[in-house]
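This report describes selected backbone and strand features of one protein model. The sequence and structure are shown first.

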Amino acid sequence: KSTTKGLLLPNVALNADLTQFVLDGVAKQDEAKGMLVYNTTDNKIYFWNGVKWNLLLGTGGSSVEEPTIATVECAGLTFMDRNLGASESAEPNPISYDAGTDASPTGYLNGDYYQWGRQADGHEKWNSSVVAGPFSATDGNGQVPSSNGTHYGKFITTSISPSDWRTNKDDNLWNETGTGLVNPCPTGFRVPTKTEWETVNAAITTANRSEVSSKRGMNIGATSLFLPASGSRRADNGAFLHVNEHGSYWSCSKFQNSIWFLNFGQGGCSVSLTIRAYGANVRCVKN
């Protein structure tokens, strides 16, 4: 019992990327928008906006502290210097880098493998378990509710046309303004458009592609946007494909049931279409 007057907030240890809803007693994440907690990990106060925890500053609680995000320029665009979920940004040292295999893409450069339109709930981690889909009972953000332990945080596989992890598609989950129901990128950043990836694709040279085998990725442009050849995850069973050989990067642009993405390897590169239940990397671009 407190011996002084004041508001005692729930004390919780939030996960590192601040996207997992960890409190008990709330069925859906969107029902808890505006909730305040005291994070015992860094001894700071955060509020929940329905998608992620945001650090609260000032006694009035009107400002949000955003971490400094390193960026790199390429083809007139400003990108984050690393993939979402990655802890490294530059080309790896071949001696110390754990390249991994198609079965185990370990290492700190690749980052996470998102299904299109999903938020970071754990499904994007390379070692996340798989569960058969598609899924239909989504919450107010178009996501798997945190109360659903069967599918929440898991890579949802499907062999049913049109190969979406959702039963009914939602084109507004990741949109071209970054204001969709779910934007996986930090504030001020969003998933690139098809046109933006086409601009980057036009800057990729034969010499860039020749780096894939030795550097497990390629440097593009004068300031070296490094895109790891992280491979991808299959939509039908979640298995990994072409790790260290190909790169697969989501756009937010749609065409009917499919999504445009940047796909490259030593033999070529293109902006082409793939299915929504596919697992690919996200490299955020600045608004």
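Q256 has a relative accessibility of 58% and therefore counts as exposed, the cut-off being over 50%. In this predicted model, Q256 is found in the loop between β16 and β17. Its phi is positive, about 55°, although Q256 is not a glycine.

S163 also has a positive phi, near 60°. This residue lies in the loop between β10 and β11. With 16% relative accessibility, S163 counts as buried, because the value falls under 20%. Most residues other than glycine have a negative phi, and most peptide bonds are trans.

Strand β16 (residues 246–255) runs antiparallel to β17, and seven bridges join them. Within this pairing, Y249 has L262 of β17 as its bridge partner.

On its other pairing, β17 is antiparallel to strand β18 (residues 268–274), again over seven bridges. A hairpin through two residues joins β17 to β18. L262 has V271 in β18 as its bridge partner.

Strand β17 (residues 258–265) is largely enclosed by the rest of the structure, because six of its eight residues are buried.

Methods. Residues numbered from 1 in each chain as written. Predicted model: local features only at pLDDT ≥ 70, side-chain atom pairs only at ≥ 80, totals over all residues. Heavy atoms only, no water. Buried < 20%, exposed > 50% of the residue type's maximum accessible area, 1.4 Å probe, protein only. Helix = DSSP H or I, 4+ residues; strand = E, 2+ residues; numbered from the N terminus. Pairing = 2+ DSSP bridges.
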